[in-house]
Amino acid sequence: MATPHAALGSAIATALSGGTVSAYDTLAVQGGTPPYVIFQAQNAGEQEYTFNTTGLRTDYVVKVLSNRTWPGEAQQVYNHVHSLMQNAALSVTGYRVLRCRVTGGIKYRDTDGFWHVGGIYRIDLQQT
């Protein structure tokens, strides 16, 4: 089965384009102005669904980075990002999206002073 990772990343970028800040796959552009969204695949595996159809389960980290002293800005932006991602109607050629749901949260401040606030989204695709 050909995996649709590039198409799935593109579908997530499209979903996040309705947000209030820029979104980047894996890395932000050098010199980008926070806050911004980073999304990245964490793992992927083939799944078997009913009637011998196959699909793909992928977990994506989707998080807001902000360099403010407190996490309020990052949390506010993430609330909007979550509304775009939770149950998103992603479009991936050759697949039907069965689920796009948050399974866990992320909230920490790194050593450079950036808040990371977001979630881990499980995305299940079924090959059509």
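1. Helices and strands are here DSSP runs, a helix of at least four residues and a strand of at least two, numbered from the N terminus. By that rule Thr26 sits in the loop between E1 and E2. The model is predicted, and the points below should be read with that in mind.

2. Overall layout. The protein chain holds two helices and five strands, in the order α-β-β-β-α-β-β from the N terminus. Of its 128 residues, 38% are buried. Among contacts with a separation of 6 or more, 61% are between residues 24 or more positions apart.

3. Helix H1. Leu8, Gly9, Ala11, Ile12, Ala15 and Leu16 are the buried residues of H1. They cover an arc of only 160° around the axis, so they fall on the same side of H1. Residues three or four places apart in an α-helix point the same way, because there are 3.6 residues a turn. Ala6 and Thr14, on the other side of H1, are exposed.

4. Nonpolar core. The largest nonpolar core has 25 residues, and the members touching the most others are Ile12, Val62, Val81 and Leu90. Two or more residues each come from helix H1 (5-16), strand E2 (36-48), E3, helix H2 (72-85), strand E4 (95-109) and E5. In soluble globular proteins, nonpolar side chains tend to be buried together. Leaving aside residues up to four places away in sequence, Leu90 touches Leu8, Ala11, Ile12, Ala15, Val97, Cys100 and Ile123. Of these, Leu8, Ala11, Ile12 and Ala15 are also among the buried residues of H1.

5. Strand E3. This strand, residues 54-66, is mostly covered, with eleven of its 13 residues buried. E3 runs antiparallel to strand E5 (residues 115-127), and twelve bridges join the two.

6. Strands E4 and E5. These two also pair in the antiparallel sense, over 13 bridges. Arg101 has Arg122 of E5 as its bridge partner. E4 and E5 form a hairpin with five residues between them, and Gly113 in the turn has a positive phi of about 90°.

7. Gln126. This residue belongs to strand E5. Its relative accessibility is 9%, so Gln126 counts as buried, the cut-off being under 20%. The side chain of Gln126 makes a polar contact with that of Arg96, at 2.3 Å.

8. Cis peptide. Pro34 and Pro35 are joined by a cis peptide bond, with omega about 0°. Pro35 is in the loop between strand E1 (23-25) and E2, the loop that also holds Thr26.

9. Thr26 has phi near 75°, a positive value in a residue other than glycine. Is Thr26 buried or partly exposed? With a relative accessible area of 35%, Thr26 is partly exposed. Asn87 is another non-glycine residue with positive phi, near 60°. Asn87 is placed in the loop between H2 and E4.

Methods: Residues numbered from 1 in each chain as written. Predicted model: local features only at pLDDT ≥ 70, side-chain atom pairs only at ≥ 80, totals over all residues. Heavy atoms only, no water. Buried < 20%, exposed > 50% of the residue type's maximum accessible area, 1.4 Å probe, protein only. Pairing = 2+ DSSP bridges. Core = buried A, V, L, I, M, F, W, Y, C linked by side-chain atoms within 4.5 Å. Contact = heavy atoms within 4.5 Å. Arc of directions from axis to C-beta. Polar contact = N/O pair within 3.5 Å; in protein donor to acceptor, adjacent residues only side chain to side chain.
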